[in-house]
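Please have a look at the structure below, and then read on.

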Amino acid sequence: MTFPGGAHVSRKVFIHHGCPLILRFILAVICLSAMGLACPKSCHCSERNGLTIVQCSSRNLEEIPSNLPHDTVSLLLSSNHITKIPNQAFKNLPWLQELDLSRNAIETVDAGAFQGVTESLRALDLSHNRMQSVPKEAFARLHAKISLSNNPWHCECTLQEVLRELRLDPETVNEVSCHTSVQEEYAGKPVIQVLDSGINFCNFHHKTTDVAMFVTMFGWFTMVIAYVIYYVRHNQEDARRHLEYLKSLPSSSQISKDFDTISTVL
């Protein structure tokens, strides 16, 4: 083979040195593509307008898959048996915009569950699960529209503080109801309706804490008083016995008379 300038390179040399470089390049491209397009066996991955959508709904999953494509934009995990969202469950999905976890059996959401997707996530569906409460840190700095309807929420101070910071889905906000409550009269009512009426579960929590402290202090005070009364009565009994003992002893005048009598006889 002749190159400009009169340089000559044998075909064998080109094949021997050039082909491995080309093969390495091709393999590298294939590997990178595989890394970006890897799809869990139980899911179906597709591409729409250059965006990766991972469909894992109704696959009897008990936990969130870990080997998800790095460029996933939409992750659909509804109608499974997932019970927990662990810390950093989506940390390798920086482009994730839609996350559907509805109709599972989720009871626990760890404080760092959504770390890594707080900025990118736009829609989060956690409806129809078994959540009673969530830590305040779980949804911190999350800008997504969130659906929390049809969960057995326990209405108290923490839940109130969580909801006030969220952008709830307006179409399902009235379906976020108190299944139980620190104040029983609000059980079964929409949380937002209760809060909009002026109810402050945090104030009630503080009042409950104050009452509990008062009861505890009263209990300690009663114990102290009881001990003092017991101590006084016990000492009074000892004092009475000691006094009786002293009275039983012969007096000094009696001793003096007895001594004079003995002297006279002698």
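Predicted model: local features only at pLDDT ≥ 70, side-chain atom pairs only at ≥ 80, totals over all residues.

## The largest pocket

The largest pocket holds about 210 Å³ of space. A pocket here is an open set of points on a 1 Å grid over the protein atoms alone, where a 1.4 Å probe fits, with protein on both sides within 12 Å along at least five of seven lines. Grid points are joined across faces, edges and corners, and the volume is the space filled by probe spheres set on the points. The pocket is lined by 14 residues, and the closest to its centre are I64, P65, S66, Q88 and A89; a lining residue has an atom within 4 Å of a point.

Residues are numbered from 1 along each chain as its sequence is written, and side-chain values use heavy atoms, with hydrogens and water left out.

## Disulfides

How many disulfides are there? The count comes to four, where a disulfide is a pair of cysteine sulfur atoms within 2.5 Å. With bonded cysteines counted along the chain, they follow the pattern 1-3, 2-4, 5-7, 6-8.

C43 and C56 have their sulfur atoms 1.9 Å apart. C43 sits in the loop between helix 1 (11-37) and strand 1 (44-48), and C56 in the loop between strand 2 (51-55) and strand 3 (72-76), so the link ties together parts that are 13 residues apart in sequence. Helices (H or I, at least four residues) and strands (E, at least two) are DSSP runs, numbered from the N terminus. The C43 and C56 link is right-handed, with 115° about the S-S bond. Both C43 and C56 are buried; buried means under 20% relative accessible area, exposed over 50%, and partly exposed in between (1.4 Å probe, protein chains only).

In the disulfide of C155 and C178, the sulfur atoms are 1.9 Å apart. Its torsion about the S-S bond is about -95°, so this disulfide is left-handed. C155 belongs to strand 9 (residues 153-155) and C178 to strand 11 (residues 178-181), so the pair joins parts that are 23 residues apart in sequence. C155 is buried at 1% relative accessibility, and C178 is buried with a relative accessible area of 1%.

C157 and C202 are also linked, with sulfur atoms 2.1 Å apart. C157 lies in helix 2 and C202 in helix 4 (residues 201-248), so the link connects parts that are 45 residues apart in sequence. With 90° about the S-S bond, the C157 and C202 link is right-handed, and both cysteines are buried.

## Salt bridges

Side chains of opposite charge can pair when their charged atoms come close. A search of the whole structure finds two salt bridges, each being a side-chain nitrogen of Lys or Arg within 4 Å of a carboxyl oxygen of Asp or Glu.

| Pair | Closest N and O atoms |
|---|---|
| K84 and D110 | 3.7 Å |
| E161 and K136 | 3.1 Å |

K84 and D110 form a salt bridge. K84 lies in strand 4 (residues 84-85) and D110 in the loop between strand 6 (108-109) and strand 7 (123-125), so the pair ties together parts that are 26 residues apart in sequence. K84 is partly exposed at 40% relative accessibility, whereas D110 is buried at 18%.

E161 is partly exposed, with a relative accessible area of 32%, and K136 is partly exposed, with 44%.
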